[in-house]
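Here are a few friendly notes to read alongside the structure. Take them one at a time, and find each place on the model as you go.

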Amino acid sequence: MLALTRAGKQIIFVGDPKQLGTIPLTPKEREELEQTLVKEIDKSVEEESILGKIMGGVRDRINEVYEGDNPQIPEWALALDAKIGREKLLTRLRIASAAITIFENGPFAETIEGCPNPEENLPYTLLNQNRRSLEDLARYQSDLSYRGKVLPYRGKVPPGQEHREGAHKGIIEWIDTQNIEAGERSQGTSRRNPKEASVIADRVLRRLRNPGKLRPIQPEDIAIIAAYGSQVITIRNELRRRLWRDPELFKRLSARVNTVDAFQGSESAVVYGSLTRSNEEGETGFLKEEKRLNVAVTRAQEELYIVGD
């Protein structure tokens, strides 16, 4: 890309800088890259020299990270704690974390986000119509991530039956698990929440079998999006337990359960989001990242149900 710009070529990016970048990493890949960066920095005589090789011209972004809260020290890094000292280790972890974030974001998002007012300061065109989601969903998504600038295009559901009983402009519902003793469990670097998986399985099957005033749907109209790979497996196991007499329905529903990253670029009429995390510290994990949260909530065309503590 640098070679193209130096050669005077024009580069046109097409995409959504508010969603995941060109190279979203799995938790394992992120941990491995973080280890590599921290160890490489550890080997370097001058941290700035290796940082320059890794990050090029983004030192300002790294300097912002230095002023943030201290990151948690992962188990693999504790051996370095005694070797190089706590402050140096924390500094290197901050550098690695910022480097990985920029790597994941990709050049498009970095360019847009690094500019205070891209609409005025860059040759930038915002496609400001949401043609995927119903009106209320579209407005919610726009307010959440696009400063209210992306406008709804669709009307009520279903098309041509706008005046029938049960027609709506999009459903957004939070299904709160704080009172059912839903707690997360660690599984390596991942997380799972069996009680939350049970709530989701129950709601999904009820929506399929008893739509009430809502329009009838098929398993292929549903997406069940989890924040962690282990929670995907937990939800599938819960569905298997409930549908052991109906393997065909289980097969169809199981194919509709996956992680946020896996669902990027797709859409579904009805979306169930499993936040998974539930702990006394209030740690939200991946979904504190605005882009992952945005991907999760913008998959829904008609109904969005967020399940979590």
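1. In this predicted model, helix 9 (residues 194-209) packs against helix 10 at an angle of about 55°, and their axes are 9 Å apart. That angle makes helix 9 oblique to helix 10. The crossing of helix 9 past helix 10 is right-handed.

2. Now look at the charged side chains. Side chains of opposite charge can pair when their charged atoms come close. The structure holds 14 salt bridges, and one of them joins Asp202 and Arg242 (3.9 Å, N to O). Asp202 belongs to helix 9 and Arg242 to helix 10, so this pair ties together parts that are 40 residues apart in sequence.

3. Arg242 also meets Glu238 in a salt bridge (2.8 Å, N to O). These two are 4 residues apart in helix 10, about one helical turn. Through shared partners, salt bridges join Asp202, Arg206, Glu238, Arg241 and Arg242 into one network.

4. Is Glu238 buried or exposed? Glu238 is buried, because its relative accessible area is 12% and buried means under 20%. Arg242, at 29%, counts as partly exposed, and Asp202 is partly exposed at 30%.

5. Helix 8 (residues 135-145) holds both Arg139 and Glu135, 4 residues apart. Their side chains meet in a salt bridge (3.5 Å, N to O). Arg139 is partly exposed, with a relative accessible area of 42%.

6. Finally, find the nonpolar surface patch of about 230 Å² made by Tyr140, Leu144 and Ile172. Ile172 sits in strand 3 (residues 171-176) and is partly exposed, at 39% relative accessible area.

Definitions and conventions: Residues numbered from 1 in each chain as written. Predicted model: local features only at pLDDT ≥ 70, side-chain atom pairs only at ≥ 80, totals over all residues. Heavy atoms only, no water. Patch = residues over 30% accessible without salt bridge, like charges linked within 9 Å, V, L, I, M, F, W, Y side chains within 5 Å. Areas by Shrake-Rupley, 256 points an atom, 1.4 Å probe, with all protein chains shown as cover. Salt bridge = Lys/Arg side-chain N within 4 Å of Asp/Glu carboxyl O. Buried < 20%, exposed > 50% of the residue type's maximum accessible area, 1.4 Å probe, protein only. Axes fitted to C-alpha atoms, helices over the stretch in contact; angles between N-to-C directions. Parallel < 35°, antiparallel > 145°, perpendicular 65-115°, else oblique. Left-handed = near helix turned anticlockwise from the far one by under 90°.
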